[in-house]
Amino acid sequence: MSHAHHTSMGLDNRKMAFWAFIGSECLLFGSLISTYLIYKGKSTVGPFPHDVLNIPFTSFSTFDLLMSSLAMVLALAAIQRGDMKQGKLWLLVTALLGLVFLGGQYYEFSSFVHEGLGLTTNLFGSTFFVLTGTHGAHVTVGVIWLLTLWVQALRGKLGPEQAVTVEITGLYWHFVDVVWIVIFTLVYLIQ
Amino acid sequence: MSEQAHATTGTYLRIAAILVMITLIEVGVFYVPAFQPVLVPLLLVLSLVKFVLVVLFYMHLKFDSRLFAFLFSGPLLLAVGVMIGLLFLFFGAVRLRTGT
C-alpha cells in the first residue's frame with residue numbers, strides 16, 4: 001500500500017511534509033483564536049459567553065478527546081509491534097471517541113441556537129461558531145480518516161509495514177487534541 | 001537527526017493520567033473564587049503543560065528528529081507572535097482612545 005520514501009537526511013518524507021502541514025494549521029487556528037480574543041467582550045447584544053457556555057459538559061468533551069489521544073498512541077504502538085488485533089481495537093476506540101466529541105459539539109451548538117445564539121447574532125456567536133466549527137470539521141476529517149484505516153486493517157491491508165501511515169494519522173489526531181486544549185482554556189475557562 | 005524509538009505503553013498511560021489530573025485542576029480552579037486573581041495566568045500555564053506533554057510524548061517530538069520540532073515550533077511561535085501582536089494592537093488602541 002505504501003512505500004518508505006526518505007529524504008537525504010534519512011527522514012520519512014511523508015512525516016516531514018505532514019509536520020509542515022501541521023505548522024500551517026498552527027497559523028490557521030492562530031488567526032481564528034486571535035479573532036475570537038480580539039472581539040471578546042465586544043458583543044452589544046446577548047447571549048453572552050457566561051449565558052450559554054456549559055463548563056461541566058465541555059470538560060467531559062475535553063476528557064473524551066484526551067482519552068482518544070491515548071487510544072491513538074496505543075493503536076500506533078500495537079501496530080508497530082505487529083499486534084493487529086489490539087491495533088484494530090484501539091483505532092476503532094479512537095474513532096468512536098471522536099464521534100462522541102462530535103455528538104457533544106452537535107448538542108452544544110443545538111442548545112446555543114435554542115437559546116438564541118446563532119452565527120450572525122453577535123460578535124461572540126460569529127467568532128465562537130467559526131472557531132469551534134473549524135475545529136469540529138477537523139475532528140470530522142480525523143474520524144473519517146481513522147475509520148478508513150480501521151476498514152483497511154479489517155481487510156488485512158494495514159500492517160506493521162504501514163505503521164508510518166498510522167503515525168501520520170496520529171499526528172493529525174493529536175494536533176486536533178492540542179488545538180482543543182487551547183480552545184478549552186481560552187474560550188471556555190477564561191471568560 | 002534520525003528518528004528514534006517512541007515511548008512505552010506505561011509512559012503513555014502516565015501521560016494520560018497527568019493530562020486528566022491537570023484538566024480536573026483547571027476545572028476546579030475555575031469554580032474556586034480564591035483563585036480568581038491568578039486564574040488567567042494559572043490556566044494558561046496548566047494549558048501550556050498539557051500542550052507540551054501531548055506534543056512531546058503523543059506526537060513523539062521528544063524522540064523524533066529535531067527538524068520536525070523546527071517545522072512545528074517555527075510556525076507555532078509565529079502564530080503566537082501574531083496573536084500577541086494583534087491583541088496589543090487592538091487593546092492598546094482602545095486604551096489610547098479611552099485613556100485607561
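Predicted model: local features only at pLDDT ≥ 70, side-chain atom pairs only at ≥ 80, totals over all residues.

Which residue follows helix 5 of chain A, and is its phi positive or negative?

Modeller: Helix 5 of chain A is followed by A:Gly156, and the phi of A:Gly156 is positive, near 75°. Before we go on, a quick word on how to read this: residues count from 1 along each chain as its sequence is written, while chains are lettered from A and ligands numbered from 1 in the order they are written.

Now the helix itself. Helix 5 of chain A covers residues 123-154, 32 residues in total, and spans 46 Å from its first C-alpha to its last. That is close to the expected 46 Å (1.5 Å times one less than the number of residues). Chain A has 6 helices and 0 strands (DSSP runs numbered from the N terminus: H or I of at least four residues for helices, E of at least two for strands). Its elements run α-α-α-α-α-α from the N terminus on, and its C-alpha atoms fill a box of roughly 55 × 35 × 20 Å along the principal axes.

What does helix 5 of chain A pack against? Helix 4 of chain A, residues 84-114, packs with helix 5 of chain A at about 155°, their axes 9 Å apart (lines fitted to C-alpha atoms over the stretch in contact, with angles from 0 to 180 degrees between N-to-C directions). The two are therefore roughly antiparallel (over 145 degrees; under 35 is roughly parallel, 65 to 115 roughly perpendicular, the rest oblique). Helix 4 of chain A passes helix 5 of chain A in a left-handed crossing (the near helix is turned anticlockwise from the far one by less than a right angle; clockwise is right-handed). Residues making this contact (C-beta atoms, placed from the backbone, within 7 Å) include A:Leu91 and A:Phe101 of helix 4 of chain A and A:Gly136 and A:Trp150 of helix 5 of chain A. By class, this contact has 15 nonpolar, 8 polar and 1 charged residues (Ala, Val, Leu, Ile, Met, Phe, Trp, Tyr, Cys and Pro are nonpolar; Asp, Glu, Lys and Arg charged; the others, Gly among them, polar).

Follow helix 4 of chain A to its other partner here, helix 3 of chain A: their axes come within 8 Å and cross at roughly 160°. Helix 3 and helix 4 of chain A are therefore roughly antiparallel, and their crossing is left-handed. Their contact has 16 nonpolar, 7 polar and 2 charged residues. Helix 3 of chain A also meets helix 6 of chain A, with axes within 10 Å and a crossing at roughly 160°. That crossing is left-handed as well.

Lastly, chain B. The contact takes 36 residues from chain A and 38 from chain B. Helix 1 (13-38), helix 3 (55-80) and helix 6 (163-189) of chain A each supply at least two residues of the side touching chain B. Helix 1 of chain A gives the most, with 14 residues. By class, that side of chain A has 24 nonpolar, 10 polar and 2 charged residues. As for confidence, the model scores ipTM 0.91 and pTM 0.92, and chain B has a mean pLDDT of 88, with 87% of its residues at 70 or more.

Technical notes. Contact = placed C-beta atoms within 7 Å. pLDDT = per-residue confidence, 0-100.
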